[in-house]
Amino acid sequence: MLLRLAAAAAGAGVLVAGIVIPAVGGMGAGFVAAADEVNLRPVDLAEPPPAEVTIVQDAKGNEIARFYEEYREVVRLDEIAEVMRTAIVAIEDYRFYEHGAIDIEGTLRALATNLQTGRTSQGGSSITQQYVKQVLLNSADTEEERNAAVEASYTRKLNELRYAMGIEQKYTKDQILEKYLNIAYFGASAYGVEAAAKRFFGVHAADLTLAQAATLAGAVQDPNATDPNLGPEHRERLLNRRNVVLNRMAELGKITPEEAAAAKATKLGYKGTRLPGGCESSKYPYFCLYMRHEILSNPDFGRTAKARLAMLNRGGLTIKTTLDPVAQAAAERAIKRYVHASDRPVAAEALVEPGSGAIKAMAASRRYGTDAAKNEISYNVVADAAHGGGVGFQPGSTMKTFTLITALKKGMKLDDGLAAGAGYRAPAYSTFKNCAGQNIGDPSHTVTNDEGSPGWKTLRSGTWNSVNTFFMELEQRVGLCDTVKTAKSLGIRRADGKKLQEYETFTLGINETDPVTVAAAYAAIGARGTYCAPMAITHITDRDGKTTRYRPKCRQALEPAIADATAEVLSGVFTEGTMRGVGGIGRPAAGKTGTTDGYASAWFAGFTPDLAGAVSLGDPRGSQQYKLTGVTIGGRYYGSVQGASVPGPIWRDTMIQALRKVPPTPFTPIITSRFEGCTIGCRPEPDPKEKKDKKEKDGEGEEATTATPSPTATTSASTSASTSASTSASRAPTPRPNPKR
C-alpha cells in the first residue's frame, strides 16, 4: 500500500518528506497525511559562496599566511580525479546521472529498510539533496538556523526537496557534482575535496589514487565518526568505510574485483598534512598579527566587525601586503646577530617607508607563540595594543626629537643655545602646563645628567649628545603643550591606547610606545614632513577577481624646511654624537638614541629618505623590574645597555642590508639663511672645557657610544640615561618621575 501510494504520488508530482524520514511510531499516519496535503514545486535556493581560504601575500606575491573558518579550496570538476568522481557517485547516489532531483527508487528502498529495522538506517538523499543541506548549513548565521538545517523533521525535508528540484532545473549534473564536492565536509578540518586530498594524503584532488578516492568518498557519510585525526578507532572505521566503497564500485562494475582487492590491500595512508593558516604558522607572525588586527578594526574593510571577520575567514580573498622580504630578512638577521631567542630581553624592530607609511618589516628576537618553555612571546611586541601588541616600552630620548622640531617651528636656529646645568628643576609649579592648561611643573623634582658635561649647548650639540637638562630647558622655553602637539601630529601615541601623559619629562620619553609608531613618526621627517599612517595592505582581490586598491593616508604634518633642518641635526648623531662609536650606514642617515632611567629599556630610531626604522629592547616581564643592567644578551655581557649598545647596531646592520640595492637618496639641504647662525643665546667662542670633553669622551649626556661593552663593563658615571617615569611595563607612569641619575 505504501509503495503504491508513493509511486502514484510521485507520478502526479506529489511527494512527501516521509518518504525520506518516516514517522516513528504510527509510521503510516504521517506518511498518508503528508501525501494528501503536500504538493512539491521547485523553489530557487539562495547560494552564497561557501567559505574559502583567504591567502595573504608579501609585496612580491609570496604567500605568508592563510585565514579560514573552514579550510576549503574550490576547484573545477576537471581538476578532480575521475576516480574520485566515480567513487562519490557510486557510494552516495549511484543513479545520480539518471534520476531527477529526487531518486524515487532509492528513496523507497531506504524507506522499506527503515520500516523493517524500525529506525533510520538509510537516508535515501540524492547528491542534489545533500548539496542543498550543505548550502543551508553553510548559510546559517545562528545556532538556531544551523539546527534547523539538519533537524529530522518533515518540514526540513520538504523544503530540501523543493530546493533540490530548483537546483536540478538550474544546473547540469556535472555542475551539481562539482558544487557538492567543493562544499562537502570530509573530516580532519578539511572542507571540499581539494583540501581533503591535501590534508589526508598530501596530494591535489586531481592526483588521487583509487584507494585514496574511495577513502574520501567513504568519509562524507559521517566525517566526525571517521575523522582520522582523532585516533586509531576513527582510522579503523575510515578504513572499513573505504573498503565498503571499493566493494560498491566493483559491484557496479566501475572497477574490477582485482582492482578492488588490490586497493583494499593498501594501508590507509593518512598523512595528516598540517593545514597552513593563522599567524601562529606564518613565517612572519608579527606582521601577520598587525595585518589581521588592521582588517578586523578598520572600517575600510567592512562596515561592522562581524562583516570584517567573515570577509577575512570566509571570503576566499587574496590580500597583498606591504611586507618586503628583503627588508624583513635584513631585520631578522640583524636582530639575531645581537639578541638570542633565549634571552629574557626582547628586541623588536619595525621598518616603514617614508612617503607612504608602508610597513616593510616587523621582526623580533623571540618567536611568537604560547609555549613558555620555548621562551615564546604571546603578543605582538612590535606593535601597539590595537594591533595585537602590549603596553610597549618607554622610548627614552627618541622623544627629544619632537622638542627639537618644536623649537625649529618657533624660529630657533641650529646654533641657538642655552645653558644646561648639572641638574634641572622647574622654577615653579606654573612653569609647565599641559594641554588642558593645568600646572604640572614640580619644583621638588630634579632631572640630572650625573657627570655628563653641563654648559652651553646649541640645538645641534644638545641633541647630538642627548643632554637631559638641555632638553628640559628647551621644553620649558618652547612649551610642553606645543611639544606634545608636535609629537601627536607625527602619530606618536601610547601603545596601550590611553592618552599621552603630559608631564614635564615628556621630552625624556615617559610614554610607553611601540616600534611601528616611532618608525612612522621618524619616516615623516625623512619624507620632508609628510606623515603617513602605517599601512600593511595594498590590494585585496575577492574570489571573483575584483581588486580593491588601498592608498596611503598621508598629510603634511611639518613644513618641509623644518623637516630638512631636523634631519640636518639628527645626521650629526652619527658623526658627532651618541652613535659615532657605532658608525653610519654608508649613505645619508639621521637618527636618535634612547635610553630610559635606570636602563629600563633602550631604543634607536632613524631614517633615510628611502627607509625609516625603530628598534626597542626591553624585558616583557616588566622593564622597570627587570632592567638592562648586568645582563647577558646575544652571548655578550653588558654592565648596562644604552641605545647605542644594541638597538643602534641592529638598526645600522638592518639598514645596510635592506637598502643594499637601493640607490642612496640625499637629504634636501637646509635653507641656510633661515636656520644657520644664531639669534638666541649666541656665544662668540666655544667653551674650552666643552671642547676638551668632546675629544676625550665617546659621548656625553644620555648614552655611551661603544656598541659592545667589554665583558667587565659596568654602568659608567660619564653616561646618563634619559629620565623617565619609574613605571613597570604593565602600568602607567607615575605623575612625578624622579630619575636616579
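Q: Why is C435 called partly exposed?
A: In this predicted model, C435 has a relative accessible area of 34%, and since partly exposed is the class between under 20% for buried and over 50% for exposed, C435 is counted as partly exposed.

Q: What makes C481 buried?
A: The relative accessible area of C481 is 15%, and because buried means under 20%, C481 belongs to the buried class.

Q: How do you know that a disulfide joins C435 to C481?
A: The S to S distance of C435 and C481 is 2.2 Å, and a pair of cysteine sulfur atoms within 2.5 Å is taken as a disulfide, so the pair C435 and C481 qualifies.

Q: Why is the disulfide of C435 and C481 called right-handed?
A: The torsion about its S-S bond is about 115°, so the disulfide of C435 and C481 is right-handed. C435 lies in the loop between β10 (423-425) and β11 (446-448), whereas C481 lies in helix α19 (residues 480-489), so this pair ties together parts that are 46 residues apart in sequence.

Q: What makes the disulfide of C279 and C288 left-handed?
A: The torsion about the S-S bond of C279 and C288 is about -80°, so this disulfide is left-handed. The sulfur atoms of C279 and C288 are 2.2 Å apart, and both cysteines are buried.

Q: Why is C682 counted as partly exposed?
A: The relative accessibility of C682 is 42%, which falls between the 20% and 50% cut-offs, so the class is partly exposed. C678, with a relative accessible area of 27%, is partly exposed as well. C678 and C682 form a disulfide with their sulfur atoms 2.0 Å apart, and with -105° about the S-S bond this link is left-handed.

Q: What pattern do the disulfides of the protein chain follow?
A: The structure holds four disulfides, and with bonded cysteines counted along the chain their pattern is 1-2, 3-4, 5-6, 7-8.

Notes: Residues numbered from 1 in each chain as written. Predicted model: local features only at pLDDT ≥ 70, side-chain atom pairs only at ≥ 80, totals over all residues. Heavy atoms only, no water. Buried < 20%, exposed > 50% of the residue type's maximum accessible area, 1.4 Å probe, protein only. Helix = DSSP H or I, 4+ residues; strand = E, 2+ residues; numbered from the N terminus.
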